Amino acid sequence: MVALTAARRTPRILFVHDNHPAQFGAFGQWLAGQGWEVAFATSARAPRTAGLRVISYAPHRAPSSATHPYAQPMDRAALRAQAFVRAALAARRDGYYPDIVMAHSGWGAGMFAKDVFPNALFVPYCEWWYRYPGPDVAYLAALAERESGSPSIEAPMHERARNAPIAMDLASADAAICPTAFQAAQFPSVFRQALTVQHDGIDSDFYSPATSADDWTLGGLVPEDARVVTYATRGMEPHRGFPQFMTALPLILREAGTIAIVAGENRVAYGGDAARRVDWKERAVEMNDIDPARCLFVGHLDRIAYRALLRRSDVHVYLTVPFVLSWSALEAMSCGCNLVLSDTAPVREFADSVSAVLVDLLNGDVAAAVHRALHDGEAMRRRAGARSAIESSVSVHRQFPHKKQWLRSLLG
């Protein structure tokens with residue numbers, strides 16, 4: 001443990017993430033409100049906020065295409081790490097010394113944080129350990145959504161090579177954090193024992209059930225009496241069950257007065273090159289007989305519009321393979337949505353038959369699950385169960401104080 005100096009009892013924490021605010025923004029701002037000295041190091045354009053220090057870094061060049069394919073993940077990570085080191089050394093010359101450095105692990109920026117700040121606690125934030133085949137890849141193969149053909153004999157080596165920056169982070173860690181038990185279970189046992197499972201936290205005050213003041217037409221987008229089935233993730237991709245949702249839509253929309261709203265961008269956020277070469281939206285529209293007037297693609301939504309969509313939803317569908325669980329699933333639970341969720345391990349960590357209708361993507365019927373959610377008379381029970389599950393487990397009102405206490409305990 002690293003004790004705070006007698007001259008400074010206020011904890012000083014530095015969050016390191018290529019993106020901003022990402023997983024650290026809300027918690028960092030909350031800590032600042034609790035009297036902590038908070039700084040963010042990022043390669044993104046971060047807004048300047050009073051009382052929060054921002055340390056900017058950027059790699060001085062792109063990775064080399066001549067680097068051995070197995071070493072390319074480390075090449076990219078080393079460039080980010082070098083950029084952070086240069087910016088952090090400049091901050092150190094100005095007298096900045098954090099007590100804790102929490103860095104997102106995998107992209108590399110925090111790999112040498114312990115060398116720059118040897119007296120600080122280094123806490124990597126670990127999201128995923130790459131295996132071959134990973135649980136997501138194996139599940140997608142079972143769904144037959146990947147391109148046919150045998151994988152390269154080198155595929156396992158390429159996947160495992162992606163872990164090199166994560167292993168370096170864990171080798172120098174004083175403690176480590178992972179957001180879910182499912183994600184922690186992907187790590188080798190030698191590292192798993194170092195991981196503390198703590199979710200990022202869901203703002204249950206903001207993501208709350210509908211009120212009488214809500215606009216039931218979403219600004220004239222849908223009739224007030226329509227049954228609205230919603231789907232919302234970052235990308236339209238196999239990892240989040242987009243093909244299965246679109247295949248189910250013709251049957252879902254047979255019911256008069258039902259409208260589907262799809263929020264998100266037409267892109268692949270997760271998956272390999274084969275998945276990224278496919279326009280999954282175009283393919284789904286071509287393969288399924290869907291009335292475009294009753295399936296509305298609304299693109300990326302800001303937080304207010306996204307919450308309004310969740311509150312208006314009669315049934316919200318979230319389908320994921322065994323992979324990192326989206327915040328959107330938990331935000332929908334927090335809003336008290338009537339949910340249809342894929343029956344996969346990351347979902348079951350937070351939801352059960354009390355809070356959702358669970359459907360097996362491999363052998364189940366998504367359309368039948370949606371129909372059941374619309375008509376079985378259990379919607380109010382599920383809505384209350386979903387909301388209660390979030391409030392009792394991952395609401396920021398619980399998570400932030402708990403995480404602060406854990407970090408404080410590390411300092412001694």
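Predicted model: local features only at pLDDT ≥ 70, side-chain atom pairs only at ≥ 80, totals over all residues.
Buried here means under 20% relative accessible area, with exposed over 50% and partly exposed in between, for a 1.4 Å probe and protein chains only. Local features need pLDDT of at least 70 and side-chain atom pairs count only at pLDDT 80 or more, whereas totals for chains, interfaces and linings use all residues. Residues are numbered from 1 along each chain as its sequence is written, and side-chain values use heavy atoms, with hydrogens and water left out.

- When neighbours within four places in sequence are left aside, M246 is in contact (heavy atoms within 4.5 Å) with A284, N288, I290, C295 and F297.

**Packing of α2 and α6**

- Helix α2 (residues 72–93) packs with helix α6 (residues 164–171) at an angle of about 55°, their axes being 8 Å apart; axes are lines fitted to C-alpha atoms, for helices over the stretch in contact, and angles run from 0 to 180 degrees between N-to-C directions.
- This angle makes α2 oblique to α6, since angles under 35 degrees count as roughly parallel, over 145 as roughly antiparallel, 65 to 115 as roughly perpendicular and the rest as oblique.
- P73, M74 and A77 of α2 meet A164, P165 and M168 of α6 in this contact.
- By class, the contact of α2 with α6 has 6 nonpolar, no polar and no charged residues.

**Cysteines**

- The count comes to 0 disulfides, a disulfide being a pair of cysteine sulfur atoms within 2.5 Å.
- C126 is buried at 1% relative accessibility, and its sulfur is 6.7 Å from the closest cysteine sulfur, in C178, which is too far for a bond.
- C337, with a relative accessible area of 0%, is also buried, and the closest cysteine sulfur to its own, in C335, is 5.5 Å away, too far for a bond.

**A329**

- A329 has its place in helix α13 (residues 327–334) and counts as buried at 5% relative accessibility.
- Between A329 and L341 there are 8.4 Å in space, C-alpha to C-alpha, and the two are 12 residues apart in sequence.

Key
Helix = DSSP H or I, 4+ residues; strand = E, 2+ residues; numbered from the N terminus. Nonpolar A, V, L, I, M, F, W, Y, C, P; charged D, E, K, R; others polar.
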